[in-house]
Amino acid sequence: MRTTVFAALLPHMWRTFAQIVSQGNTSLAFKVVSGGNDNYFLRDDLTSAQLLLTSSNDTTTMARRLVVALPAGNSGAVTYFLPKDSATGHLGVTVVEGSVRSATGDYFNVGVQADLLFDGNATLGTTVIGAVRAMRDYAEGNALHEIFNYTVASYNETALRLHRRWINTTSPTSSIYKGADLYLSVPSGSPARLGVTPGDAAPTIDILIPAGAQQGGTVTVAVVTNETSLPALDTQRLFLPESTNRSRALQTALKGLASGESEAAKQVSFLTYSNKFTAGGWRFLTYFGRDSLIALRLLMSILTSEAIEAALGAVIERTNATGALCHEETIGDYASFVNVQNGRSDLGNRPFYDYKMIDTDLLLLPAIRHYLLELPQGAGRARQFLSQNATLQNGTYAEILNRTIHYNLARATPFARSPTFSNLLALRPGEPVGNWRDSNEGLGFGVFPFDVNSALVPASLRATEALLAAGFLDFAALDARGVGDAARVWEERAAGLFEVGVGERDAEARLENFVREAGLSRTLLEKGGRGGNVSFYALSLKEDGGPVEVLNSDLGFNLVYGANVPRAVLQRVVDALQPYPRRLLTNVGMVVANPAYASNTSLIHVLDRAAYHGTVVWSFQQGLMAGGLARQLGFCSSDSNGTGADVDTNPAPAPSPPSPEWCSDAAFVRSLHDAQTRLWASIRGARDEIYSEVWAYSFDGATDAFDVASLASLSSTEADAIQLWSYGFLGLVDPTENGA
């Protein structure tokens with residue numbers, strides 16, 4: 001239970017009600033329905049905000065959850081409206097359409113408000129005010145620290161103020177007093193009333209609707225804070241303008257983006273700012289380095305130089321003294337909490353930067369290479385961009401980037417000299433995570449991730465080599481040829497260490513067992529016929545170098561980032577893009593992991609359809625695979641500037657000849673095209689989910705068909721309604737729908 005202090009214990013000035021008014025000129029307003037939630041997004045000249053409410057037609061829970069998330073300070077509030085009359089077990093709460101608008105309050109507070117229509121009496125359940133990260137912790141089943149308790153600052157039957165004073169703040173008499181407030185108020189004409197009953201641990205807060213009120217009662221909710229709002233990138237500053245002086249595919253991709261006519265363009269704009277990109281809403285409305293760089297790589301061909309440099313600059317600004325890149329930025333009140341937990345309360349609310357991931361460091365140089373050497377937006381921009389002075393630390397971007405270049409080279413050198421599994425890049429000592437799969441379980445308890453070692457290390461080295469050869473990294477004092485030699489060892493030797501081979505008899509037996517354990521139909525196997533011997537690349541390697549025998553989607557990184565992808569790797573892509581459960585494709589998307597062939601059968605349940613990185617569909621992974629296939633097939637075309645299905649500009653990488661050797665094998669190229677067609681058919685099966693983060697599947701044994709299922713309906717983990725890297729699809733064109 002939550003300890004709550006009442007207004008009688010507080011200075012009189014805290015008991016005044018803030019005036020909640022709307023003053024902003026709206027630049028973005030849209031709604032997204034996803035995962036059983038109605039999501040409302042707003043940006044105006046005062047604030048940016050996301051408001052989420054459990055959909056009225058969601059019958060899986062009696063509670064109606066309200067979430068407000070503000071990128072400013074990564075702050076907000078969550079509360080649960082519960083039916084007061086347990087006999088009915090029903091409560092309807094809906095957002096009055098058109099009522100979502102900005103709000104202001106005391107102490108320069110700014111946020112968002114909306115009118116909620118209740119069809120019956122409600123009681124407030126658990127309420128968290130302040131840090132989105134604390135809200136995330138609670139939503140994911142973690143205990144809430146008492147430091148996040150709120151205060152009932154003032155109340156009567158028509159107005160209530162719940163207050164959170166920031167951990168590190170000043171006196172309420174100061175103009176820089178920091179905190180957050182959740183207000184409930186009854187607008188004029190509404191029959192609703194508020195009731196507050198003190199309790200030993202927490203008050204009982206009721207919303208009461210008179211029995212005769214047939215239309216229900218309206219209550220206005222507002223969440224405000226005085227964290228600084230972020231400078232927005234509107235769609236015109238974010239996306240390239242439409243022009244006939246572009247390739248056919250690029251013209252198609254750009255339609256409606258800069259003008260803001262595209263709903264997806266508005267959604268990307270909501271997540272992007274001139275000082276950083278944010279990862280997704282509501283759970284990740286702050287800086288994440290990996291998400292920013294992968295999203296940037298997929299979207300770069302349709303972005304302006306201003307937007308590209310905003311994303312790149314945000315990454316460089318947060319580089320640490322060794323050259324490692326920040327994975328996640330913790331800001332606002334939660335930064336104070338982390339600093340206290342780390343024994344550094346003296347740091348106050350200074351941002352805490354997390355450097356535990358091993359993949360983020362490797363994504364920056366390939367992005368810079370693509371921008372400065374391959375895209376027209378980057379032409380002539382190198383000197384000005386690299387000489388820019390950082391704002392979050394001392395030094396120019398070139399000086400900071402120099403640390404990362406040498407840091408990555410030092411990590412890659414042992415394997416380049418002696419290519420054994422023990423010299424691959426492993427998770428950092430004591431860390432259970434290191435790549436996008438974000439957990440021990442996600443990697444099948446391995447420590448050497450496939451994507452990092454087979455794709456990202458050589459890609460970073462090749463990017464460094466190319467930028468050195470172009471004269472853009474003279475400050476690094478490195479020999480381009482030596483860096484290229486190291487890259488070649490990684491390209492030729494790393495992937496082979498992840499080889500998995502399963503004989504036909506064992507493969508079929510393991511598939512039969514998997515189908516039973518996963519609750520699927522055996523007819524799925526019969527339709528696909530016997531698969532013969534099975535070969536694929538392991539999800540990861542264990543500490544002893546043994547493979548984690550999980551078929552996976554991470555070959556998409558090789559396709560997008562690889563400089564010289566061999567035929568053997570491409571054949572594995574063709575093999576993987578076949579129907580699940582033998583491979584990865586369902587009729588509602590490509591699953592990112594398939595443990596069907598694992599000799600360790602416990603992985604079947606570790607990586608099941610309820611697991612965050614299990615047999616589920618991540619939209620960005622589909623985008624990587626689709627974009628990567630377009631890139632590779634584009635190398636076989638005499639025109640590499642995207643006049644076909646490739647929106648991006650991807651010149652064939654040196655030291656390859658103008659086209660890879662496999663381009664002359666018509667049958668092999670056709671097999672890649674066929675795999676591309678199968679992939680896009682799978683993607684189109686869940687077209688409505690394409691910009692969300694992740695989804696699970698349900699299976700109908702009568703029809704042997706899969707359908708989209710909310711991950712939150714199967715586990716404590718929910719998916720964001722909008723996720724930055726999922727919008728990589730804006731930089732792709734479906735070749736099967738455009739006659740390409």
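Rings of Phe, Tyr and Trp (for Trp, the six-membered ring) pair when their centres lie within 6.5 Å; planes under 30 degrees apart are stacked, over 60 edge-to-face, and the rest tilted.

**View 1. Ring pairs build a cluster of Trp, Tyr and Phe.** Trp436, Tyr612, Trp618, Phe620 and Trp725 are linked by ring pairs into a cluster. The search of the whole structure finds 30 aromatic pairs. The model is predicted: local features need pLDDT of at least 70, side-chain atom pairs count only at pLDDT 80 or more, and totals for chains, interfaces and linings use all residues. Residues are numbered from 1 along each chain as its sequence is written, and side-chain values use heavy atoms, leaving out hydrogens and water.

**View 2. Phe148 stacks with Tyr334 of helix H7.** Aromatic pairs in the whole structure number 30. In the pair shown here, the ring centres of Phe148 and Tyr334 are 5.8 Å apart and the planes are at 5°, so the pair is stacked. Phe148 lies in the loop between H1 and strand S11 (151–155), and Tyr334 lies in helix H7, so the pair ties together parts 186 residues apart in sequence. Helices (H or I, at least four residues) and strands (E, at least two) are DSSP runs, numbered from the N terminus. Phe148 is buried, with a relative accessible area of 2%. Tyr334 is buried at 8%. Buried means under 20% relative accessible area, exposed over 50%, and partly exposed in between (1.4 Å probe, protein chains only).

**View 3. Helix H7 is mostly covered.** Contact here means heavy atoms within 4.5 Å. Just after H7, Gly343 takes a positive phi of about 75°.

**View 4. Arg133 of helix H1 meets Glu328 of strand S20.** A salt bridge joins the two side chains (3.3 Å, N to O). Arg133 lies in H1 and Glu328 in S20, so the pair ties together parts that are 195 residues apart in sequence. A salt bridge is a side-chain nitrogen of Lys or Arg within 4 Å of a carboxyl oxygen of Asp or Glu. Arg133 is partly exposed, with a relative accessible area of 22%. Glu328 is buried at 9% relative accessibility.

**View 5. Glu157 pairs with Arg193.** The closest N and O atoms of this salt bridge are 3.9 Å apart. The pair links distant parts of the chain, 36 residues apart: Glu157 in the loop between S11 and S12, and Arg193 in strand S14 (residues 193–197). Glu157 is partly exposed at 48% relative accessibility. Arg193 is partly exposed too, with a relative accessible area of 33%. Elsewhere, salt bridges with shared partners join Arg133, Arg136, Asp137 and Glu328 into one network.

**View 6. Lys31 and Glu97 meet in a salt bridge.** The N to O distance is 3.4 Å. The pair links distant parts of the chain, 66 residues apart. Lys31 is in strand S2 (residues 28–34). Glu97 is in the loop between strand S7 (93–95) and strand S8 (101–105). Lys31 is partly exposed, with a relative accessible area of 38%, whereas Glu97 is exposed at 53%. The count of salt bridges in the structure comes to 38.

**View 7. Arg charges sit over Tyr rings.** The charged end of Arg318 lies over the ring of Tyr287, 4.6 Å from its centre. The charged end of Arg572 lies over the ring of Tyr537, 4.7 Å from its centre. A charge sits over a ring if NZ of Lys or CZ of Arg is within 6 Å of the ring centre and within 35 degrees of the ring normal.

**View 8. Helix H16 packs with helix H19.** H16 covers residues 567–576, and H19 covers residues 666–684. Their packing angle is about 40°, with the axes 9 Å apart. Axes are lines fitted to C-alpha atoms, for helices over the stretch in contact; angles run from 0 to 180 degrees between N-to-C directions. The crossing is left-handed, meaning that the near helix is turned anticlockwise from the far one by less than a right angle (right-handed if clockwise). H16 brings Arg567, Leu570, Gln571 and Val574. They meet Phe668, Ser671, Leu672, Ala675 and Arg678 of H19.
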